[in-house]
Amino acid sequence: NGKHDETASDNAGAGQAGDPGDGTADGKSAQVGRRGHHVKNKPWMSAKGREGQRTWEENLDRVRVEWLASGIPDLPDLHLRETLLEQIEWCKQRKMKKQKETLILVLQMCAHRRVIRALPFVHPSTQIFSNGAPLSFLGWTGFQVIPQSAEVFAEELIKLFPSVANSDHSRKGMFSSRSAMVEAFRRAGLLPEVSGRWEEAFKGQCRFMFIPTAPKQLPGTSVQPPPSTGP
């Protein structure tokens, strides 16, 4: 089911043993019955959720325009162009959340501008849970920020998460606050290859790797890249 990933990574409480995330009919019924339960009598949480939805709608609208103007739709490398377009099409067909569609567009543009170096692509269908675990985030097995372009990558992320800027416009390390950024990468399954080394990964000192079990229980795991069937 193409919605399994969205449910498992984005809904609170999913994925726990014997719980709504177990994929059984009873589990799915329980999940539907409990939907919204965690915000009941907590209007501030509902307001925060609506604000987050509006933010990602605005982000996606802006990034789509930038992506169309980036040159990716007209790449002379036919194989690469078809690979990237297929990632976007798969994202739309599976009705993935706006945050994930925005992230895949930003990653593609950053790779096109040589801000990051993508690891070998696999087919985006490997996002679907098969044999117990997915193999990629829409075909992405991982990437590495090019160290000389780390600041450019930071600026691209700050556009998505403007709250990371301090009121005095200073930055602590790479970012003044990175919790929202870290959560977005977690939900995509892209984690530092060295456990918990987020700062180093954002600076290009280690790679981001797709981790099949990227929900919150794992802060990061050292892994080998999945087998490649891509270029």
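Analyst: Buried means under 20% relative accessible area, exposed over 50%, and partly exposed in between (1.4 Å probe, protein chains only). The model is predicted: local features need pLDDT of at least 70, side-chain atom pairs count only at pLDDT 80 or more, and totals for chains, interfaces and linings use all residues. Residues are numbered from 1 along each chain as its sequence is written, and side-chain values use heavy atoms, with hydrogens and water left out.

User: How many salt bridges does a search of the whole structure find?

Analyst: Side chains of opposite charge can pair when their charged atoms come close. The criterion is a side-chain nitrogen of Lys or Arg within 4 Å of a carboxyl oxygen of Asp or Glu. Searching the whole structure by this rule gives seven salt bridges.

User: Which parts of the chain does the pair of Glu193 and Arg207 link?

Analyst: These two side chains form a salt bridge at 2.9 Å, N to O. The pair links distant parts of the chain, 14 residues apart: Glu193 lies in the loop between β3 (190-192) and α8 (198-202), and Arg207 in the loop between α8 and β4 (208-210). Helices (H or I, at least four residues) and strands (E, at least two) are DSSP runs, numbered from the N terminus. Glu193 counts as buried because its relative accessibility is 18%, whereas Arg207, at 23%, counts as partly exposed.

User: Is Glu156 buried or exposed?

Analyst: Glu156 counts as buried, at 10% relative accessibility. Its salt-bridge partner is Arg113, at 3.8 Å, N to O. Arg113 sits in the loop between α5 (98-112) and β1 (116-118), and Glu156 in helix α6 (residues 150-160), 43 residues apart. Arg113 is partly exposed, with a relative accessible area of 41%. A network of salt bridges links Arg113 and Glu156 with Lys159.

User: Which residues touch the most other members of the largest nonpolar core?

Analyst: In soluble globular proteins, nonpolar side chains tend to be buried together. A nonpolar core is a set of buried Ala, Val, Leu, Ile, Met, Phe, Trp, Tyr and Cys residues joined through side-chain atoms within 4.5 Å. Here the largest core has 48 residues, of which Ile116, Phe137, Phe143, Phe153 and Phe185 touch the most other members. Its largest share, seven residues, comes from α5.

User: What does Phe137 touch, leaving aside residues up to four places away in sequence?

Analyst: Contact means heavy atoms within 4.5 Å. With that exclusion, Phe137 touches Lys100, Leu103, Ile104, Leu107, Gln127, Ala188, Leu190 and Phe210.
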